[in-house]
Amino acid sequence: GPSGFNKLVVLKAPRPELAADPGIITMFADEARLSARLNHPNIVQTNEITDQGGRPVIVMEYLEGKPLNDIVAAAGTKLSLDMHLRILVDALNGVHHAHEARDFDGSLLNVVHRDLTPHNVFVTYDGQVKILDFGIAKLARSRDKTETGVVKGKLRYMPPEQVAGDDIDRRADVYAMGVMLWEAAAGKPIFEGERERAILSRVMNGDVPPPSSVNPDVDPSLDAIIAR
């Protein structure tokens, strides 16, 4: 910028080989439009939408830190339950903002992230928590419909409705955050070591034990919140 102004940003663009696919460009445009409507301290911020060589580009804030899955893997037992819960509470604030987001006419946008996992919960080195990647988020009025049989998201954080390919709403994100809370309380991944088919069966049948069955020190009130 003028007078030597510089600022680090992140540029997000569709890959060149996908830029000619109208469906990809539609999804990307939906993400850009959605990102511009979400203004919250716990959601990565979009600065502007621009164009480079005929490709749409989202200009986003640059964050220095680590995703939650890397933090858990590196910290192990050094990440206390209190610290883990603090991160997830901040993430929930961002998710709730997205769920309550409204269009300029006041109507609910009915945003569903659809891919809430520890990979998309980012913690900066100065302690800010940000939800990342609304790239597969679904707007109720989105022009791009998920193809039949295509499941988007990561299996162990997906509710039965999403696994079955049914329509989902904000409760899918609440379920995913509940799984992350389960893992924080239990101190281990849910369905650890199980094969995909077994996980599918357990999810579809609601076969999820309380975290207290793994960690008896879990507070009963937290156990009840996670079960709900």
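This note sets out numbered points on the sheet, the surface and the salt bridges of a predicted model.

1. The sheet. The model contains an open sheet of three strands, in the order S1-S3-S2, with antiparallel pairing. Its edge strands are S1 (9-12) and S2 (46-52), each of which pairs on one side only. From one strand to the next, the twist averages 25°.

2. Pairing of S2 with S3. Strand S3 covers residues 55-61 and pairs with S2 in the antiparallel sense, over six bridges. Within this part of the sheet, Gln52 stands opposite Arg55 in S3. The hairpin formed by S2 and S3 has two residues between the strands, and Gly53 in that hairpin takes a positive phi near 60°.

3. Pairing of S1 with S3. S1 and S3 run antiparallel and are joined by four bridges. Here Leu11 stands opposite Val59 in S3.

4. The helix on the sheet. Helix H1, made up of residues 22-37, packs on the sheet and touches S1, S2 and S3. The direction of H1 makes about 30° with that of S3.

5. Is Arg55 buried, partly exposed or exposed? With a relative accessibility of 25%, Arg55 counts as partly exposed, because this value falls between the 20% limit for buried residues and the 50% limit for exposed ones. Apart from neighbours within four places in sequence, Arg55 is in contact with Ala13, Pro14, Arg15, Pro16, Ala19 and Thr50.

6. A nonpolar surface patch. Which residues form a nonpolar patch on the surface? The patch consists of Leu8, Val10 and Tyr62, which together have about 280 Å² of accessible area. Leu8 is placed in the segment before S1. The relative accessible area of Leu8 is 61%, so this residue is exposed.

7. Salt bridges in the whole structure. How many salt bridges does a search of the whole structure find? The search returns 10 salt bridges. In general, side chains of opposite charge can pair when their charged atoms come close.

8. Asp169 and Arg171. These two residues form a salt bridge in which the closest N and O atoms are 2.8 Å apart. Asp169 is partly exposed, at a relative accessible area of 32%, whereas Arg171 counts as exposed, at 61% relative accessibility.

9. Lys188 and Glu192. In the salt bridge between Lys188 and Glu192, the closest N and O atoms are 3.6 Å apart. Lys188 counts as partly exposed at 30% relative accessibility, and Glu192 also counts as partly exposed, at 49%.

10. Arg202 and Glu194. The side chains of Arg202 and Glu194 meet in a salt bridge, with a distance of 2.3 Å from N to O. Through salt bridges that share partners, Glu194, Arg202 and Asp207 are joined into one network. Glu194 is partly exposed, its relative accessible area being 28%. Why does Arg202 count as buried? Its relative accessibility is 18%, and the cut-off for a buried residue is under 20%, so Arg202 meets it.

11. Surroundings of Arg202. Arg202 lies in helix H6, which spans residues 196-204. If residues up to four places away in sequence are not counted, Arg202 touches Phe191, Glu194, Asp207 and Pro209. Glu194 and Asp207, listed among these contacts, are also members of the salt-bridge network that includes Arg202.

Technical notes:
Residues numbered from 1 in each chain as written. Predicted model: local features only at pLDDT ≥ 70, side-chain atom pairs only at ≥ 80, totals over all residues. Heavy atoms only, no water. Salt bridge = Lys/Arg side-chain N within 4 Å of Asp/Glu carboxyl O. Buried < 20%, exposed > 50% of the residue type's maximum accessible area, 1.4 Å probe, protein only. Contact = heavy atoms within 4.5 Å. Pairing = 2+ DSSP bridges. Axes fitted to C-alpha atoms, helices over the stretch in contact; angles between N-to-C directions. Patch = residues over 30% accessible without salt bridge, like charges linked within 9 Å, V, L, I, M, F, W, Y side chains within 5 Å. Areas by Shrake-Rupley, 256 points an atom, 1.4 Å probe, with all protein chains shown as cover.
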